[in-house]
Amino acid sequence: MKYVAILFLSTAITTGCGADPLPPAKAPAAASVAATTAAPAPPPPAEKAGDVPTQSNINISDEIRKACGITDTEAFFAYDSANVRAQDKAVLKKLADCFMTGPLKGRELRLVGHADPRGEEEYNMVLGGRRADNVKTAIASEGMASEKIATTSRGKLDATGTDEASWAKDRRVDVVLGR
């Protein structure tokens, strides 16, 4: 009896597996293809209020400004942005030159990234780090050795802002003398 059951099951499986294959799927109609390729692209994501990625705030210490002859600069990082403005590159070039061949030759530069108080602590710590790293990249692209530039982040630890104007001052990279 056992052998009959095994023979019956193997015959059923073989017969089922040996069935004719299904016919191939029909190609989509030309109108359907045209409709899918002509679909408009989704709109770009809306910018957040105050998110102007061409703004930045690079806060150079008075000691470095005096030594390098750099005048006061006012600008801001946008909310949730770590971009360095094109117009800041002239100041960063002057800074790099001062540390490579000027009065601060051989000194180390330290960049401390900050964020405004909105958002999670860990996120803001990473954002502050990205801001400092982007300024480091910009200074290194002007010729200063990257090993002479240290970066760190304070995230939102030092933030004092309560509205957009004061939050903008929290979003910065402090440029200070290292060793």
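Modeller: A polar contact is a pair of N or O atoms within 3.5 Å; within protein, one must be able to donate a hydrogen and the other to accept it, and residues adjacent in sequence count only if both atoms are side-chain atoms. The model is predicted, so local features need pLDDT of at least 70 and side-chain atom pairs count only at pLDDT 80 or more, whereas totals for chains, interfaces and linings use all residues. Residues are numbered from 1 along each chain as its sequence is written, and side-chain values use heavy atoms, with hydrogens and water left out.

Let us begin with Asp-174, which is found in strand 4. Helices (H or I, at least four residues) and strands (E, at least two) are DSSP runs, numbered from the N terminus. The side chain of Asp-174 makes polar contacts with the side chain of Asn-59, at 2.9 Å, and with that of Arg-172, at 2.9 Å. Asp-174 is buried, with a relative accessible area of 15%; buried means under 20% relative accessible area, exposed over 50%, and partly exposed in between (1.4 Å probe, protein chains only). If residues up to four places away in sequence are not counted, Asp-174 touches Asn-59, Arg-110, Leu-111, Val-112 and His-114, where contact means heavy atoms within 4.5 Å.

Strand 4 (173–177) is one of the elements against which the buried residues of helix 4 pack, and the others are strand 1 (58–60), helix 3 (62–68), strand 2 (109–114) and helix 5 (121–140). The buried residues of helix 4 are Asp-88, Val-91, Leu-92, Leu-95, Ala-96, Cys-98 and Phe-99. They cover an arc of only 160° around the axis, which puts them on the same side of helix 4; the arc is that of the directions from the helix axis to the C-beta atoms.

Helix 4 is also linked to helix 3. A disulfide, defined as a pair of cysteine sulfur atoms within 2.5 Å, joins Cys-68 to Cys-98, with an S to S distance of 2.1 Å. Cys-68 lies in helix 3 and Cys-98 in helix 4, so the pair ties together parts that are 30 residues apart in sequence. The torsion about the S-S bond of Cys-68 and Cys-98 is about -80°, so this disulfide is left-handed. Both Cys-68 and Cys-98 are buried. By contrast, Asp-62, also found in helix 3, is exposed, with a relative accessible area of 51%.
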